Amino acid sequence: MNRKLNKIAEEIVTYQKNNDMPDTLLAYNLHFSVEELHDIKSMRRSPNQDEVDIIKKKLG
C-alpha cells in the first residue's frame, strides 16, 4: 500500500534521514514516547498544535 506522507510526517522522515537519527533518539529529544513518534510518522494520528510546535522547533 502506497500512501503519501502528510507534511509533518515527511519533515520528520527527511530530518531523520539527513541526520542519521533513529526514532528512539528523536523521540527522546522531542520528549515524546517512541510510540507517539511512530503514530505521528505513520499518520495513525495527527499531532496537536503543541506537538507540531515542538517538532518544528527541533527540526528547524
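**Figure 1. Confidence along the protein chain of this predicted model.** Confidence in the protein chain is lowest in helix α4 (residues 49–59), at a mean of 95, and highest in helix α2 (residues 23–30), at 98. These numbers are pLDDT, the predictor's confidence in each residue on a scale from 0 to 100. The chain average is 93, and 95% of the residues score at least 70. Helices here are DSSP runs of H or I with at least four residues, numbered from the N terminus. A friendly note for all the views: because this is a predicted model, local features need pLDDT of at least 70 and side-chain atom pairs count only at pLDDT 80 or more, while totals for chains, interfaces and linings use all residues. Residues are numbered from 1 along each chain as its sequence is written, and side-chain values use heavy atoms, with hydrogens and water left out.

**Figure 2. Helix α1 and its buried face.** Helix α1 covers residues 7–19, and its 13 residues should span 18 Å at 1.5 Å a residue. The expected span is 1.5 Å times one less than the number of residues. In the model the end C-alpha atoms of α1 are 18 Å apart, which agrees. Which residues of α1 are buried? They are Ile8, Ala9, Ile12, Tyr15 and Gln16. Seen down the axis of α1, the buried residues fall within an arc of 130°, so they line one face of the helix. That arc is taken from the directions from the helix axis to the C-beta atoms. Buried means under 20% relative accessible area, exposed over 50%, and partly exposed in between, with a 1.4 Å probe and protein chains only. On the face turned away from the buried side, α1 carries the exposed residues Lys7, Lys17 and Asn18. The buried residues of α1 pack against α2, α3 (34–41) and α4.

Figure 3. Asp20 follows α1 and sits in the loop between α1 and α2. Is Asp20 buried or exposed? With a relative accessible area of 70%, Asp20 is exposed. Met43 belongs to the loop between α3 and α4. At 22% relative accessibility, Met43 counts as partly exposed.

**Figure 4. Lys41 and its surroundings.** Look for Lys41 in helix α3, where this lysine is buried, with a relative accessible area of 18%. Which residues does Lys41 touch, leaving aside its neighbours within four places in sequence? The contacts are Leu5, Ala9, Ile12, Val13, Gln16 and Asp23, where contact means heavy atoms within 4.5 Å. The side chains of Lys41 and Gln16 are joined by a polar contact of 2.8 Å. Another polar contact, of 2.6 Å, joins the side chains of Lys41 and Asp23. A polar contact is a pair of N or O atoms within 3.5 Å; within protein, one must be able to donate a hydrogen and the other to accept it, and residues adjacent in sequence count only if both atoms are side-chain atoms. Lys41 and Asp23 also meet in a salt bridge, at 2.6 Å from N to O. Lys41 lies in helix α3 and Asp23 in helix α2, so the pair ties together parts that are 18 residues apart in sequence.

**Figure 5. Further salt bridges.** A salt bridge is a side-chain nitrogen of Lys or Arg within 4 Å of a carboxyl oxygen of Asp or Glu, and by this rule the count comes to 5. One of them pairs Lys56 with Glu11, the closest N and O atoms being 3.0 Å apart. Because Lys56 lies in helix α4 and Glu11 in helix α1, the pair ties together parts that are 45 residues apart in sequence. Lys56 counts as partly exposed at 35% relative accessibility, and Glu11 is partly exposed with a relative accessible area of 21%. The side chains of Asp39 and Arg44 form another salt bridge, at 2.9 Å from N to O. In this pair Asp39 is partly exposed, with a relative accessible area of 23%, whereas Arg44 is exposed at 63%. Salt bridges that share partners also join Lys7, Glu11 and Lys56 into one network.

**Figure 6. Glu51 in helix α4.** Glu51 counts as buried, at 10% relative accessibility. Leaving aside its neighbours within four places in sequence, Glu51 is in contact with Phe32, Ile40 and Arg45.

Definitions and conventions. Helix = DSSP H or I, 4+ residues; strand = E, 2+ residues; numbered from the N terminus.
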